[in-house]
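Reader: I have a new model open on the screen. How do I read its features one by one?

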Amino acid sequence: AIDQAGLYGFLFVWLFFGVAAASLALLFLGIWRGVRRKRCGMVFLFSLLGILASVAWGAFLSTSWGLGLGPVFPL
């Protein structure tokens with residue numbers, strides 16, 4: 001994937017998918033630990049922070065600045 005997308009494509013897009021997948025895995029781990037009555041607060045915290053960061057980065061990438069078009073102002 002790095003050869004096709006380049007370093008910036010990897011860092012700004014594929015790393016985003018990796019963080020999202022790891023955050024979902026942490027969320028499921030936190031749920032599993034909660035069901036087993038073990039401590040799971042930090043796991044939930046980091047999973048939610050990762051999910052929020054992924055959503056914010058995805059929202060940025062869907063804007064014109066994130067797509068590399070620069071500032072686009074309606075006239």
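**Reading the helices and their contacts**

Author: This is a predicted model. Start with one residue. Gly 30 touches Cys 40, Val 43 and Phe 44, with residues up to four places away in sequence not counted.

Reader: Where does Gly 30 lie? Is Gly 30 buried or exposed?

Author: Gly 30 lies in helix 1. Buried means under 20% relative accessible area. Gly 30 has 0% relative accessibility, so Gly 30 counts as buried.

Reader: How far apart are Gly 30 and Phe 46 in sequence and in space?

Author: They are 16 residues apart in sequence. In space, C-alpha to C-alpha, Gly 30 and Phe 46 are 9.8 Å apart.

Reader: Cys 40 was among the contacts of Gly 30. Where is the place of Cys 40?

Author: Cys 40 sits in the loop between helix 1 and helix 2. Its relative accessibility is 15%, so Cys 40 counts as buried. Set aside neighbours within four places in sequence, and Cys 40 is in contact with Gly 30, Arg 33 and Gly 34. Leu 29 is 11 residues from Cys 40 in sequence and 8.4 Å from Cys 40 in space, C-alpha to C-alpha.

Reader: On to helix 2. How do I check its span?

Author: Compare the span with the expected value. Helix 2 covers residues 41-61, which is 21 residues. From first C-alpha to last, helix 2 reaches 30 Å, close to the 30 Å expected at 1.5 Å a residue.

Reader: Which residues of helix 2 are buried?

Author: First, the general idea. An α-helix has 3.6 residues a turn, so residues three or four places apart point the same way. Now the case here. The buried residues of helix 2 are Val 43, Ser 47, Gly 50 and Ser 54. They cover an arc of only 65 degrees around the axis, so they lie on the same side of helix 2.

Reader: What is exposed on the other side of helix 2?

Author: Gly 41, Met 42, Leu 52 and Val 55 are exposed there.

Reader: Take Ser 54 in helix 2. Which residues does Ser 54 touch?

Author: Ser 54 touches Phe 16, Val 19 and Ala 20, leaving out residues up to four places away in sequence. Ser 54 counts as buried, at 8% relative accessibility.

Reader: Which residues form the nonpolar patch on the surface?

Author: Leu 7, Tyr 8, Leu 11, Phe 12, Val 13, Trp 14, Leu 15, Phe 17 and Val 19 form that patch. Together they have about 870 Å² of accessible area. Take Val 13, which lies in helix 1 (residues 2-35). Val 13 is partly exposed, with a relative accessible area of 32%.

Conventions: Residues are numbered from 1 along each chain as its sequence is written. This is a predicted model: local features need pLDDT of at least 70, side-chain atom pairs count only at pLDDT 80 or more; totals for chains, interfaces and linings use all residues. Side-chain values use heavy atoms; hydrogens and water are left out. Helices (H or I, at least four residues) and strands (E, at least two) are DSSP runs, numbered from the N terminus. The expected span of a helix is 1.5 Å times one less than its number of residues. Buried means under 20% relative accessible area, exposed over 50%, partly exposed in between (1.4 Å probe, protein chains only). The arc is that of the directions from the helix axis to the C-beta atoms. Patches are made of residues with over 30% relative accessible area and no salt bridge: like charges are joined within 9 Å, nonpolar side chains (Val, Leu, Ile, Met, Phe, Trp, Tyr) within 5 Å. Accessible areas come from the Shrake-Rupley method with a 1.4 Å probe; for residues, only the protein chains shown count as cover. A salt bridge is a side-chain nitrogen of Lys or Arg within 4 Å of a carboxyl oxygen of Asp or Glu. Contact means heavy atoms within 4.5 Å.
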